[in-house]
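Student: I would like to go through this model by question and answer. Please show it first.

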Amino acid sequence: MTDHDGALDRALDALHREGRYRTFIDIERRRGQFPRAVWTRPDGTETEITVWCGNDYLGMGQHPAVLGAMHEAVDAAGAGSGGTRNISGTTVYHKRLEAELADLHRKEAALLFTSAYIANDATLSTLPKLFPGLIIYSDALNHASMIEGVRRNGGAKRIFRHNDVAHLRELMAADDPAAPKLVAFESLYSMDGDFAPIASICVAAEEFGALTYIDEVHAVGLYGPRGGGITERDRLAHRIDIVNGTLAKAYGVMGGYIAASAKMCDAIRSYAPGFIFTTSLPPAVAAGAAASVAHLKRDQGLRDLHQERAAVLKLRLRGLGLPIIDHGSHIVPVHVGDPVKCKMISDRLLSDHGVYVQPINFPTVPRGTERLRFTPSPVHTPGMVDGLVRAMDDLWSRCALSRQRASA
């Protein structure tokens with residue numbers, strides 16, 4: 001008879017031995033005090049901490065415009081949506097949000113999903129149904145949701161080396177010129193904080209008649225004059241066929257979406273099981289997200305402050321000789337290269353210094369590239385930066401890790 005418990009024990013023990021076992025940190029965010037939070041320790045005692053690894057990049061999760069819209073929607077429509085989008089789950093709040101998102105990306109339409117993960121998975125796995133014989137060319141460092149969508153679609157796929165347009169062009173040239181093609185990539189890769197060569201990819205895609213699909217999850221709200229992402233910043237949005245984005249990071253709420261032509265959104269809506277059979281977002285969530293998107297279309301000051309905070313933190317850490325990875329984005333990864341030490345630093349930052357940052361280990365990043373990834377925001381004060389820098393200086397020395405010039 002199969003020893004099910006034994007198999008589970010062996011699987012979990014392997015994670016512990018490799019230093020990859022992940023622990024939930026029980027925190028309570030408190031409105032008006034972001035990024036401060038209260039951590040409940042295993043012994044039940046509470047400690048105030050500063051969150052340095054959150055994805056609420058701009059603090060919009062506590063913005064009065066967002067909270068006001070959510071309260072109003074709860075009072076008007078109640079809690080849940082009551083069904084899928086096809087069966088009673090489409091409300092004025094969902095339609096308003098989709099209109100805001102279509103306008104954000106200058107596309108004809110947008111389509112809401114419960115998360116950006118589902119939006120990627122559902123869309124990429126559905127496209128071969130719409131374009132028989134489709135070949136998808138996927139960047140080697142694409143997010144797990146994109147990888148899963150490409151894997152599940154049953155169609156042909158090609159993996160091109162990260163940001164290597166010459167390799168992408170080589171792969172497309174080797175395939176049937178008549179086959180439908182799509183290039184899937186991200187605008188900003190969240191583990192290293194590097195940008196895609198979007199213009200060059202678009203040129204290659206246009207040369208071979210391929211559609212373009214871009215994940216702007218870590219850029220929407222943060223870049224571009226209205227928060228449309230890197231494609232808006234670089235004036236390339238018109239050359240992208242399908243944009244994927246999230247409402248759970250810069251916008252501070254929850255949900256994901258695609259923005260594209262009306263016909264493309266209609267086809268995905270009609271064929272994607274991940275959309276058809278899922279209960280829609282609660283009206284209050286849609287209302288809060290719509291308010292956040294609308295606000296950030298006009299709040300360039302918040303984006304500027306965000307970039308300033310990131311630049312200061314990178315400068316301070318670089319001054320300590322810590323090996324930060326700096327590609328000019330708001331993401332600040334510090335390379336550790338050892339899963340056990342990475343976890344140890346993370347644990348000590350939390351327990352001794354009240355600094356919360358999760359270790360990033362395999363399989364999120366390759367073995368040997370383990371890191372701490374800091375996400376500074378406009379609500380991180382200079383005093384909080386000082387505390388983080390002092391703590392990192394202390395723990396880096398205690399763990400006998402090398403100091404060097406920053407990599408790029």
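Student: Is Thr231 buried or exposed?
Tutor: This is a predicted model, so the thresholds come first: local features need pLDDT of at least 70, side-chain atom pairs count only at pLDDT 80 or more, and totals for chains, interfaces and linings use all residues. Residues are numbered from 1 along each chain as its sequence is written, and side-chain values use heavy atoms, with hydrogens and water left out. Buried means under 20% relative accessible area, exposed over 50%, and partly exposed in between (1.4 Å probe, protein chains only). Thr231 has a relative accessible area of 1%, so Thr231 is buried.

Student: Which helix holds Thr231?
Tutor: Helices (H or I, at least four residues) and strands (E, at least two) are DSSP runs, numbered from the N terminus. The run that contains Thr231 covers residues 230–233. That is helix 8.

Student: With which side chain does the side chain of Thr231 make a polar contact?
Tutor: A polar contact is a pair of N or O atoms within 3.5 Å; within protein, one must be able to donate a hydrogen and the other to accept it, and residues adjacent in sequence count only if both atoms are side-chain atoms. Contact in general means heavy atoms within 4.5 Å. Not counting residues up to four places away in sequence, Thr231 touches Ile198, Ile214, Glu216, Leu236, Ala237 and Ile240. The polar contact, at 2.6 Å, is with the side chain of Glu216.

Student: How many residues does the largest nonpolar core have?
Tutor: A nonpolar core is a set of buried Ala, Val, Leu, Ile, Met, Phe, Trp, Tyr and Cys residues joined through side-chain atoms within 4.5 Å. In the largest one, the residues with the most contacts inside it are Leu97, Leu101, Val183, Phe185, Ile198 and Leu247. Its largest share, 9 residues, comes from helix 11 (residues 283–296). The whole core has 59 residues.

Student: How many residues are in the second, separate core?
Tutor: Its members include Leu313, Tyr356, Val385 and Ala391. The count is 33 residues.

Student: How many aromatic pairs does a search of the whole structure find, and what is the geometry of Phe113 and Phe275?
Tutor: Rings of Phe, Tyr and Trp (its six-membered ring) pair if their centres lie within 6.5 Å; planes under 30 degrees apart count as stacked, over 60 as edge-to-face and the rest as tilted. The search finds 2 aromatic pairs. For Phe113 and Phe275, the centres are 5.6 Å apart and the planes are at 70°, so the pair is edge-to-face.

Student: How many residues apart in sequence are the parts that this Phe113 and Phe275 pair ties together?
Tutor: Phe113 lies in strand 4 (residues 109–113), and Phe275 lies in helix 10 (residues 273–276). Both residues are buried. The parts tied together are 162 residues apart in sequence.

Student: What is the angle between the planes of Phe195 and Tyr223?
Tutor: These two form an edge-to-face pair, 6.0 Å centre to centre. Phe195 is partly exposed, with a relative accessible area of 21%, whereas Tyr223 is buried at 6%. The angle between the planes is 85°.

Student: Which residue lies over the face of Phe195?
Tutor: A charge sits over a ring if NZ of Lys or CZ of Arg is within 6 Å of the ring centre and within 35 degrees of the ring normal. Over Phe362, that residue is Arg367, at 3.9 Å from the ring centre. Over Phe195, at 4.9 Å, it is Arg233.

Student: Why is strand 5 described as largely enclosed by the rest of the structure?
Tutor: Ile135, Tyr137 and Asp139 point one way from strand 5, and Ile136 and Ser138 point the other way. Strand 5 (residues 135–139) is largely enclosed because 5 of its 5 residues are buried.

Student: Which residue of strand 12 is the bridge partner of Asn244?
Tutor: Two strands pair if DSSP finds at least two bridges between them. Strand 11 joins strand 10 through 3 bridges, running parallel, and joins strand 12 (residues 256–260) through 4 bridges, running antiparallel. Asn244 is the bridge partner of Asp215. In strand 12, the partner of Asn244 is Ile258.
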